[in-house]
Amino acid sequence: EERSTSRSPTLILEQIKTREEALDALKKDNPTLHKLYLKFVDRNFTAMPHQRNAFLTEAVPFLYRAVAPALIMPLVEFFYIVHKPIFHDSLSQHTKEAKALLKGVSQTYWDTVPPDEQKLLQALTEREQNAYRILRDLAMRVTDDSPVRLFFMSDDEMGLRLGLTSIQAHRILKARLAKLGIIEVVLNGIRRGKGQRGIATTYRWNVASL
């Protein structure tokens, strides 16, 4: 039996109001999570009635390659809060399913990495592993202005994705991953200044398995 996708104007209005109020509250409480949510969740996923689980099965693997794992649960929980009017399941059910998916995605990811690269990953700290996974994913994506192995990353962006300060992110990128030869600076970026737009550094991925 097909479920109707018709929605009442009242429900749509309630959804708009809930979203605006939730986003305003998050911006005050946690500006970093607010930025991440807009960039990686709000822009990429649409909430639909009876599609809450479908969101999780798409969002959790996507986020695992985009941000530090510790940020995934807050992001998917916030998606539920923002779209609460159209979901029937409880937040605790949503969280339980998301945790199970995250565990599965983490295991699947390791299984896709070649054995010698797994050893390299295990030799890195947890923060470095998170950065490695994010950068590896970017290096594999091919676009017109970014051929395979080349990618753009600023200290601010890396910090945002890892839940760290820009200085901490800089140390991971330049003092660790670049010094180890995992990544290589192709073109240094320009820090954002007064009246000047920042430009992300161009890096090359150097690990042979890609």
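Reader: Which residues does Thr201 touch, not counting residues up to four places away in sequence?

Author: In this predicted model, Thr201 touches Phe151, Phe152, Met153, Lys174, Val185, Leu187, Asn188 and Gly189, leaving aside residues up to four places away in sequence, where contact means heavy atoms within 4.5 Å. Local features need pLDDT of at least 70, side-chain atom pairs count only at pLDDT 80 or more, and totals for chains, interfaces and linings use all residues. Residues are numbered from 1 along each chain as its sequence is written, and side-chain values use heavy atoms, with hydrogens and water left out.

Reader: Why is Thr201 called buried?

Author: Its relative accessible area is 8%, and buried means under 20%, exposed over 50% and partly exposed in between (1.4 Å probe, protein chains only), so Thr201 is buried.

Reader: Why are helices H3 and H5 called oblique to each other?

Author: Helix H3 (residues 52-64) and helix H5 (residues 91-112) pack at an angle of about 40 degrees, with their axes 9 Å apart. Angles under 35 degrees count as roughly parallel, over 145 as roughly antiparallel, 65 to 115 as roughly perpendicular and the rest as oblique, and H3 and H5 are therefore oblique to each other.

Conventions
Axes fitted to C-alpha atoms, helices over the stretch in contact; angles between N-to-C directions. Helix = DSSP H or I, 4+ residues; strand = E, 2+ residues; numbered from the N terminus.
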